[in-house]
Amino acid sequence: EKLSELGSEVLEVGCGVGGNVNLLSSTTRYLGIDMHLPAVDYCKEKYPQQSFRCSRIEDLPSEVKVRNFDSIFFLDVLEHLDQDVLVLRESSNFLKHGGKVLITVPAFNFLWSPHDEFVHHIRRYTKAGLKKVLEDSGYKVERISYFNSILFPLALIQRLGMRLLNRKLSTHLSTPPALVNWLFKVIFTQEAWILKRINLPVGLSIIAVVSPKSVG
């Protein structure tokens with residue numbers, strides 16, 4: 001989705017410490033919500049020009065709830081939720097007519113690793129499994145595809161190796177070197193170009209764009 005097509009009102013569910021704020025707020029009015037108060041306080045201090053609330057989506061006040069948003073984003077959030085269907089179903093009440101929801105989630109339970117436990121994942125998804133969740137939530141799936149495909153073979157080898165060696169993930173997460181960051185940027189740029197043209201058959205993650213099903 002091009003940012004110019006997101007509409008003027010954007011809601012990000014699970015904004016965390018604001019890693020997506022600059023991207024999502026560049027051409028729009030933005031509201032980020034998260035259940036973790038320190039993260040929300042950090043966002044308010046770092047991005048004073050944007051709006052943030054410490055809340056679950058289902059607990060937002062009525063003046064926020066009613067058909068206010070052109071786009072809602074769940075970026076690596078659903079895998080943390082016990083009741084993904086209920087939360088997605090509730091979210092449709094926040095969308096303006098013609099509004100869309102964009103979702104990303106981690107893929108494949110066989111890629112489960114100590115990292116998933118460290119970041120409190122409840123599940124990973126398959127494309128078919130996510131599609132069923134979205135349809136059960138009352139959405140029409142407009143686009144769904146795996147992504148992070150180029151790194152998939154390397155990640156599979158690494159995850160299986162960790163499992164065979166019974167290694168645990170260190171709680172110390174260091175910042176990757178600049179060269180690694182640059183390489184990732186090149187890879188993701190190439191994959192984004194491919195993803196604009198075709199759906200990818202496998203990957204570390206899944207991306208979906210949905211809209212509420214018409215009633216009647």
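Seven strands form an open sheet with mixed pairing, in the order E3-E2-E1-E4-E5-E7-E6; strands (E, at least two residues) and helices (H or I, at least four) are DSSP runs numbered from the N terminus, and two strands pair if DSSP finds at least two bridges between them. This is a predicted model, in which local features need pLDDT of at least 70 and side-chain atom pairs count only at pLDDT 80 or more, while totals for chains, interfaces and linings use all residues. Residues are numbered from 1 along each chain as its sequence is written, and side-chain values use heavy atoms, leaving out hydrogens and water.

- E6 and E7 (residues 205–212) run antiparallel, joined by 8 bridges; tyrosine 146 has isoleucine 206 in E7 as its bridge partner.

**Helices on the sheet**
- Helix H4 (residues 84–91) touches E4 (69–75), E5 (95–106) and E6, and its direction makes about 165° with that of E4; contact means heavy atoms within 4.5 Å.
- Helix H6 (residues 127–136) lies across E5, E6 and E7, at about 160° to E6.

**An aromatic pair**
- There are 4 aromatic pairs, counting rings of Phe, Tyr and Trp (its six-membered ring) with centres within 6.5 Å; planes under 30 degrees apart are stacked, over 60 edge-to-face and the rest tilted.
- The ring centres of tyrosine 30 and phenylalanine 52 are 5.8 Å apart with planes at 65°, so this pair is edge-to-face.
- Tyrosine 30 lies in E2 (residues 29–34) and phenylalanine 52 in E3, so the pair ties together parts 22 residues apart in sequence.

Methods
Axes fitted to C-alpha atoms, helices over the stretch in contact; angles between N-to-C directions.
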